[in-house]
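User: Please examine the structure below with me. I shall ask on what grounds each description rests.

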Amino acid sequence: MSITPPTERIWWKEPIAKVELVWIIVAFCWGLVMFFMMIYWHGAGEQNLSNEAYRISAEDFIAKTTEMVDQYTVREEAGFPVVHPPPGSDVYLIARLWQFWPILEFEKDQTYRLHLSSTDWQHGFSLQPVNINLQIHPGYDMVITITPDQAGEYGVICNEFCGIGHHTMLSKIYVVE
Ligand code: CUA
């Protein structure tokens, strides 16, 4: 509460100043431009991927991931299984406090259906240096169809703040010839 009340008690009925009105119109139009750009970027850009999303429980997602890991683990790195699933298959990646599990290895120019889900709360999936950014939600199985076209080691970073260990939530994806 102010110590002295405003001189005009009905202060909200003042006419809008011209500068403010111009600013509102500019901001509104820019908002509309960005709205339609989202649709445009989906088709023309390389970072807004088409995805499918399904409901799934954490238990079911863990079960599917574990089944894939049991079948296709080729080696271990720092306690993490490195999984090389067959081309064309469904591949699962769990995001959880504070790790991605397992480490994935793809073959160049092969297509995979990559499933992403969280088993606790919301995380981010940022693939570097290609700069693909996705949200990972608990309870949802997000599927993107990917065809890596360059061999190498890619960084996976959680880019959604998820608590005290957020900055340690890093992983990698290998793409081999
Ligand atoms: Cu997970 Cu930040």
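User: In which strand does His123 lie?

Analyst: His123 lies in strand β8; strands are DSSP runs of E with at least two residues, helices are runs of H or I with at least four residues, and both are numbered from the N terminus. This is a predicted model, in which local features need pLDDT of at least 70, side-chain atom pairs count only at pLDDT 80 or more, and totals for chains, interfaces and linings use all residues. Residues are numbered from 1 along each chain as its sequence is written, and side-chain values use heavy atoms, with hydrogens and water left out.

User: Why does His123 count as buried?

Analyst: Buried means under 20% relative accessible area, exposed over 50%, and partly exposed in between (1.4 Å probe, protein chains only). His123 has 0% relative accessibility and therefore counts as buried.

User: Which residues is His123 in contact with, leaving aside its neighbours within four places in sequence?

Analyst: Contact means heavy atoms within 4.5 Å. With those neighbours left aside, His123 is in contact with residues including Ala95, Arg96, Gln135, Cys158 and Met169.

User: Why is Ala78 called exposed, and where is Ala78 found?

Analyst: Ala78 has 79% relative accessibility, so this residue counts as exposed. Ala78 is found in the loop between β2 (73-77) and β3 (80-83). Although Ala78 is not a glycine, its phi is positive, at about 50°.

User: What makes Asn131 partly exposed?

Analyst: The relative accessible area of Asn131 is 34%, so Asn131 is partly exposed. Asn131 sits in the loop between β8 and β9, and its phi, near 60°, is a positive value in a residue other than glycine. Pro129 is also found in the loop between β8 (123-128) and β9 (132-136), and the peptide bond from Gln128 to Pro129 is cis, with omega near 10°.

User: Which residues touch the most other members of the largest nonpolar core?

Analyst: A nonpolar core is a set of buried Ala, Val, Leu, Ile, Met, Phe, Trp, Tyr and Cys residues joined through side-chain atoms within 4.5 Å. The largest one has 32 residues, of which Phe100, Leu104, Phe106, Leu114 and Phe125 touch the most other members. Strand β4 (residues 90-96) supplies the largest share of this core, 5 residues.

User: Why is Val91 called buried?

Analyst: The relative accessible area of Val91 is 0%, and Val91 is therefore buried. Val91 has its place in strand β4. Not counting residues up to four places away in sequence, Val91 touches Leu104, Phe106 and Leu114, among others.

User: What is the strand order of the open sheet?

Analyst: Its 7 strands follow the order β2-β3-β6-β12-β11-β8-β9, with mixed pairing. The edge strands are β2 and β9, each of which pairs on one side only.

Notes
Pairing = 2+ DSSP bridges.
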